[in-house]
Amino acid sequence: MMMMMDTFSHVAGITTFKASLALSSSSVRSNCVPRLPATTTTKKKKKRTAPVVLAARPRNDAVDFADPEWKLKFQADFAERFNLPHLTDVFPDASPIPSTFCLRMRSPLTENFADGYPSDEEWHGYINNNDRVLLKTIHYSSPTSAGAECIDPDCSWVEQWVHRAGPREKIYFKPEEVKAAIVTCGGLCPGLNDVIRHIVITLEIYGVKKIVGIPFGYRGFSDAELSEMPLSRKVVQNIHLSGGSLLGVSRGGPSVSDIVDSMQERGINMLFVLGGNGTHAGANAIHDECRKRKLRVAVVGVPKTIDNDILLMDKTFGFDTAVEEAQRAINSAYIEAHSAYHGIGVVKLMGRSSGFIAMHASLASGQIDICLIPEVPFNLHGPHGVLRHLKYLIETKGSAVLCVAEGAGQNFLEKTNAKDASGNIVLGDIGVHIQQETKRYFKEIGIHADVKYIDPTYMIRACRANASDGILCTVLGQNAVHGAFAGYSGITVGICNTHYVYFPIPEVISYPRAVDPNSRMWHRCLTSTGQPDFI
Ligand SMILES: Nc1ncnc2c1ncn2[C@@H]1O[C@H](COP(=O)(O)OP(=O)(O)OP(=O)(O)O)[C@@H](O)[C@H]1O
Ligand SMILES: O=P(O)(O)OC[C@H]1O[C@](O)(CO)[C@@H](O)[C@@H]1O
Ligand SMILES: [Mg+2]
């Protein structure tokens, strides 16, 4: 009954063999979740809408699994791809100095290093450059295991190691020669201030005196009206107590060449870039341009996305806070729905192309009856549509709460082709659409329904980070500075299987990370909501 279909997908450049079920998860789950009886009561016949087509993953059929050496070759290729770009690639003669980051014999920050740097041979607080972290920790015995990520058709165990983050014993910048800059780009995200704070504090511990913030994202590099903001431990001491970004954010901005011109003029040789996919694409381009111009500059990213859509990481900072904050909106929708006669609450949460916030918030709340995400196609109308299920919920429970990710159901909305300043497509409002369609549907079938819509997007994004995100931001901010001093550039920091690592930027942004509809987490969400397939 279950037909197997072999599909290849490309996970951050890795050729992966993914076994999927030809009839999709819907056919599998229809065994366990009873379908509602088909209804004939809809007055108007609605067109069955095409499923959402997710962005195609690039194919890479380069691995020859018939080759007995394929695993070794794959691992060598993997090590090559995850190798971290280093200043010595461009300046082979660059020689390191002992680290000035030694917490056991830390000198007062007022000290200058003219007489040499403090060090303590006994201090075992450094990370060896050869330390590695295992990227994938589950050995799937079959491609049909839930969420299986396989490289070959047999789902063989292949170790994939990435670089461990942290302070190195040797550093490639003299602190007194460093001018470090921090820039925050894209939309807001809880925790930006926490990361800024820890970058500044850690830079000072290394002995850096010249630290500046670039105002309002990349725009701050070109706008003459915007002057850089001097930063110190004193300035950033309490900034984590509020949300937003001390430096401001923006989308769009100058060309990469103009940014690097500006960095040269300002004498910036360490750049810390906080942002999402777009910002990291920019950071990598800045790194490339610096190499082209033979500049001794370290460019290090810290992934910032409330959507949690960066590849290979356990999570990005701000995500936990967003999920927690979303509970308030969901709970309000629940109370409204349950206090009204035939109440229906609709909550729209962030997630341009990934439904992580909607899925996790739905799971955490336990109050959601229907969760809709971009990765899982659905119909609104028709016998298996969302509206028919809402009718069933009203008839059986008396109320219902629906949570939708902003990128879901875009195929129901008129495309405007509008783009924001960064070139991101401006999405239609699926929350408003569902609200309107729900009202219309219940009116048409002559059943009373009291529909309430909540869009908490900007309230959630503007929050300060919760404790768990605060810790994540702290570690990521500190590791960004360690990475720059270690001489790496064109890298970003992340958490991987609870350990902290460095990745080359291109490996984490080749496409947005998405919820796997075959994952245990999505299945858990369906278990919680009790929703059927809407196809
Ligand atoms: N491919 C690219 N090359 C160079 N710069 C880019 C690229 N894509 C985006 N940028 C720049 O990066 C900045 C941020 O991009 P964007 O607005 O897409 O936000 P983001 O980093 O993806 O974060 P968010 O998760 O909030 O969308 C903008 O200033 C934009 O001009
Ligand atoms: O309204 P803005 O600032 O352009 O940001 C909206 C986008 O930012 C995000 O919160 C983060 O990418 C998305 O979920 C959302 O589409
Ligand atoms: Mg983006």
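I sorted the shell around ligand 2 by class and got 3 nonpolar, 1 polar and 5 charged residues. Here Ala, Val, Leu, Ile, Met, Phe, Trp, Tyr, Cys and Pro count as nonpolar, Asp, Glu, Lys and Arg as charged, and the others, Gly among them, as polar.

The model is predicted, with pLDDT of at least 70 needed for local features and 80 or more for side-chain atom pairs, while totals for chains, interfaces and linings use all residues. Residues are numbered from 1 along each chain as its sequence is written, chains are lettered from A and ligands numbered from 1 in the order written, and side-chain values use heavy atoms, without hydrogens and water.

I listed the residues surrounding ligand 2 (a heavy atom within 4 Å): Arg251, Ile306, Asp307, Met350, Gly351, Arg352, Glu406, Tyr458 and Arg461.

Next I looked up polar contacts to ligand 2 (N or O pairs within 3.5 Å). An oxygen atom of ligand 2 is 2.4 Å from a polar side-chain atom of Tyr458. For a side-chain N or O atom of Asp307 I noted 2.9 Å to a ligand 2 oxygen, and for a polar backbone atom of Gly351, 3.4 Å.

Asp307 sits in the loop between β11 (298–303) and α8 (319–339).

Is Asp307 buried or exposed? Asp307 is buried (under 20% relative accessible area), at 11%.

Key. Helices (H or I, at least four residues) and strands (E, at least two) are DSSP runs, numbered from the N terminus. Buried means under 20% relative accessible area, exposed over 50%, partly exposed in between (1.4 Å probe, protein chains only). A polar contact is a pair of N or O atoms within 3.5 Å; within protein, one must be able to donate a hydrogen and the other to accept it, and residues adjacent in sequence count only if both atoms are side-chain atoms.
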